[in-house]
Protein chains: 2
Amino acid sequence: MTFREDGYAAVDWAADYLDRVDELPVLAQVRPGETRAKLPASPPERAESFADVLRDVDEILLPAVTHWQSPRFFAYFANTGSEPGILAELLAAALNNVAFIWRTSPASTELEALTLDWTAQLLGLPSDWHGNIEDTASLATIAALAAAREVTGRHVVVCSTEAHSSVERAARLLAMETRKIPVDAEFRLDPSALDLEDAAAVVATVGTTSTTAVDPVPAIADMCERAGVWLHVDAAYAGSAWVCPELRWSQAGVERADSLVVNPHKWLFTPFDCSLHWTRRPEALHAAFSLIPEYVRTSDATDNLSDYGPAFGRRFRSLKLWAVIRCYGREGLQQRIREHVRLAELFEQWVHDDPDWEICAPRRFSVVCFRRNASDEENEAILERVNRSGEIFISHTRLNGRYVLRLAIGNARTTEDDVRRAWDVLRRA
Amino acid sequence: MTFREDGYAAVDWAADYLDRVDELPVLAQVRPGETRAKLPASPPERAESFADVLRDVDEILLPAVTHWQSPRFFAYFANTGSEPGILAELLAAALNNVAFIWRTSPASTELEALTLDWTAQLLGLPSDWHGNIEDTASLATIAALAAAREVTGRHVVVCSTEAHSSVERAARLLAMETRKIPVDAEFRLDPSALDLEDAAAVVATVGTTSTTAVDPVPAIADMCERAGVWLHVDAAYAGSAWVCPELRWSQAGVERADSLVVNPHKWLFTPFDCSLHWTRRPEALHAAFSLIPEYVRTSDATDNLSDYGPAFGRRFRSLKLWAVIRCYGREGLQQRIREHVRLAELFEQWVHDDPDWEICAPRRFSVVCFRRNASDEENEAILERVNRSGEIFISHTRLNGRYVLRLAIGNARTTEDDVRRAWDVLRRA
């Protein structure tokens, strides 16, 4: 294999892809099973060339890709695998470091700590928190709730009905019980309904998945402190917004959390997967997870990343976040986040001004919840129609029992023209 | 940013790295904290170039890298991030797909299923198992034990004293209790000591971490069947050996397992992380994990990968395994595994023939456990000396209370000369 030539070809393919992703149908226009049927049912006996692989990626896989990199991907939480992040993933794979203890990868262990501290500075978080990287917020939440169970000895997890499903999944995994609290008219956890008797943890959300609502963290923190309950803040999406001081109103009280998760793979231009987990109580995570067997015991007096979460092996994920922060700089990150918020405001205004449509939840960041003044079925039909057109990809949620459309802005390539086109496509549908 | 030029530079750096990794000290020759101190304590305000990042990777991070890609990395389970796998990671990052449901990434969802089926064929596993990719064996084991707890309603996990620490970590996470069974003289779980009363699951290991011992899976499977206990087989390392028919003696009984984990990032030339989890009872995993919230509900009648494990989001990990299988072919994989086993046999023979050294456990695959006929302290000093020399990197374990050295062969670049050099370095030390 000629790694250098194959590598140039892969870079060319990736560069061309990013150049033309704008022209591809955003949602993959394929039927289940269609793609698999085009590929051989059995592996090859003899080696094929990487060029063969690249050809099949282009011809067979690409039509089955939903283009998260498209500027008109407006579903879920739109994100960006930015260029420096992509190349850092290449470097990380080339180094192939597995950082279960310091010695097996001093560079990755120390860069992870540094990059978490850098990000804490960017987001205005306390400087003395311990941070590490998990693959997804699901795993960070599992780690936080395991620590909460460890230190409180209790088994109830409290969150709002609008918390992400990963909270209930984590609790179920940990043999804990989830207690869901109602939300107020703006989809925020209603602290008057909080009953912390026998609770191990409260998961407060800053930027819920449906509407990006911000739970009243200061009031929740007061109650958690009084009751000796672990406070985990899920700011997976909205935490990245804190790079802009004017959006830090949503950070109130977060400095009092026991743990916090923020996903740079959501809104900080870092390729998936990269979920940051901070805690002011690292000893609790350590107590929940540390178990160093003889075959990895060393005399190195250092912190081992595998002591803070469920996975033992860890790849060099900090490299991509570090590369992104350096290649954007604080200003570059702020500029793009601000532009996304501006575009969302613009779209919100268009919807608001059109009597055939309505806004369904307050807009806090870069996500707009809206619907046409029509039945649920008609709104669902609109969604299916615009997604099948390939011009845009949006998702939905359900609020107060009604089917609601969501437009999420988070891709670095998204322009005002893209958002205008989304509005045009929606009105046509 | 000029992605294409930066990309060529990153490929050049990676190509040069792989060319010269042979000449670099295998174990990073740095002190804790030294690397971090060379990097700025705060993130930049303005954008830097990717060339700046690449320069710092080369000048500051590289000396702090322990070279898993070195042909003389003989510690833990030596592995390989092979060239097609590295480039596939670049493509996966460029596509940045997040496959929590089929619709968000049909290509990744279907390629994952196909690649797991291809690998099952390569390894001679049942053709009707359901497979998916987790980041590490830790997570696959967590998923398996969660399914076992779900279907049995019981909370005891049984494994041998030689099982990987991830089993106990997983059980602790799941609020289950671990019961450890003694091993026989060859470090295999002793089935006569198995008491399955109230057991939810047995974890049998094919290729233990310390000595690569193979638990008697057929006898364990008999007992599990009778007692209605879930059988999870941890073949994280040795499972890859099954690509060679002559090594499938170690697969006896595995076809009767409820679940199985094999890590291509260990011995199938795939960059970390890529852990394969198969089950013949997908409905049990589904019952333990599935929880589809409204905001990702679709009318697509398909399998969702997030229903089979703890993480909700998933990256496009199948791409690298698929690329590796294609660029090696069955023959290429077999040839390299056979060469690793041959080199381990050779080293074993040298140790065996030298009266100053002894073999400490039967060699089954490509790992040799040995020690000098001297005190534990002297053996530990040998290990520290050879590792500090940078010429080779080995690790240790403890068997029957004694400190034992381990030489693990698993890097695609390792030659007979490298193994001979390891033996020379060890004898000099």
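Which residue in S9(B) stands opposite Glu358(B)? In this predicted model, the residue opposite Glu358(B) is Arg371(B). The model is a prediction in which local features need pLDDT of at least 70 and side-chain atom pairs count only at pLDDT 80 or more, while totals for chains, interfaces and linings use all residues. Residues are numbered from 1 along each chain as its sequence is written, chains are lettered from A and ligands numbered from 1 in the order in which they are written, and side-chain values use heavy atoms, with hydrogens and water left out.

The relation between the two chains is considered next. The same surface serves both copies, since 100% of the contact residues of chain B recur in chain A; contact here means heavy atoms within 4.5 Å.

One helix pair links the two chains. Helix H4 (residues 83–95) of chain A packs against helix H4 (residues 83–95) of chain B at an angle of about 155°, and their axes are 8 Å apart. Helices (H or I, at least four residues) and strands (E, at least two) are DSSP runs, numbered from the N terminus. Axes are lines fitted to C-alpha atoms, for helices over the stretch in contact, and angles run from 0 to 180 degrees between N-to-C directions. The angle makes H4(A) roughly antiparallel to H4(B) (angles under 35 degrees count as roughly parallel, over 145 as roughly antiparallel, 65 to 115 as roughly perpendicular and the rest as oblique). On the side of H4(A), the residues that meet H4(B) are Ile86(A), Leu87(A), Glu89(A), Leu90(A), Ala93(A) and Ala94(A). Their counterparts in H4(B) are Ile86(B), Leu87(B), Glu89(B), Leu90(B), Ala93(B) and Ala94(B). The residues of this contact of H4(A) with H4(B) comprise 10 nonpolar, no polar and two charged (Ala, Val, Leu, Ile, Met, Phe, Trp, Tyr, Cys and Pro count as nonpolar, Asp, Glu, Lys and Arg as charged, and the others, Gly among them, as polar).

A further helix pair lies within chain B. The axes of helix H1 (residues 3–20) and helix H3 (residues 50–61) of chain B come within 10 Å and cross at roughly 10°. That makes H1(B) roughly parallel to H3(B). Asp6(B), Ala9(B), Ala10(B), Trp13(B) and Arg20(B) of H1(B) make the contact with Phe50(B), Leu54(B), Val57(B) and Asp58(B) of H3(B). By class, the residues of the contact of H1(B) with H3(B) are six nonpolar, no polar and three charged.

In chain B, four strands form an open antiparallel sheet in the order S8-S9-S11-S10. Two strands pair if DSSP finds at least two bridges between them. Strand S8 (357–359) and strand S10 (395–399) of chain B stand at the edges, each with a single partner strand, so one side of each is left without a neighbour in the sheet. From one strand to the next, the twist averages 40°. Three bridges connect S8(B) with strand S9 (residues 367–372) of chain B in the antiparallel sense. Helix H11 (residues 318–353) of chain B packs on this sheet, where it touches S8, S9 and strand S11 (402–408) of chain B, and its direction makes about 20° with that of S9(B). Helix H13 (residues 416–428) of chain B also lies across S8, S9 and S11 of chain B, running at about 130° to S8(B).

Chain A contains four strands in an open antiparallel sheet, in the order S8-S9-S11-S10. In chain A, S8(A) is joined by three bridges to strand S9 (residues 367–372), with the two running antiparallel. Within S9(A), Phe370(A) is the residue opposite Ile359(A).

A cis peptide bond joins Phe272(A) and Asp273(A), with omega of about 10°. Asp273(A) is placed in the loop between helix H9 (264–267) and strand S7 (275–279) of chain A. In chain B, the peptide bond from Phe272(B) to Asp273(B) is cis, with omega near 5°. Thr212(A), although not a glycine, has a positive phi of about 60°, and Thr212(A) is located in the loop between strand S4 (199–205) and helix H8 (217–227) of chain A.
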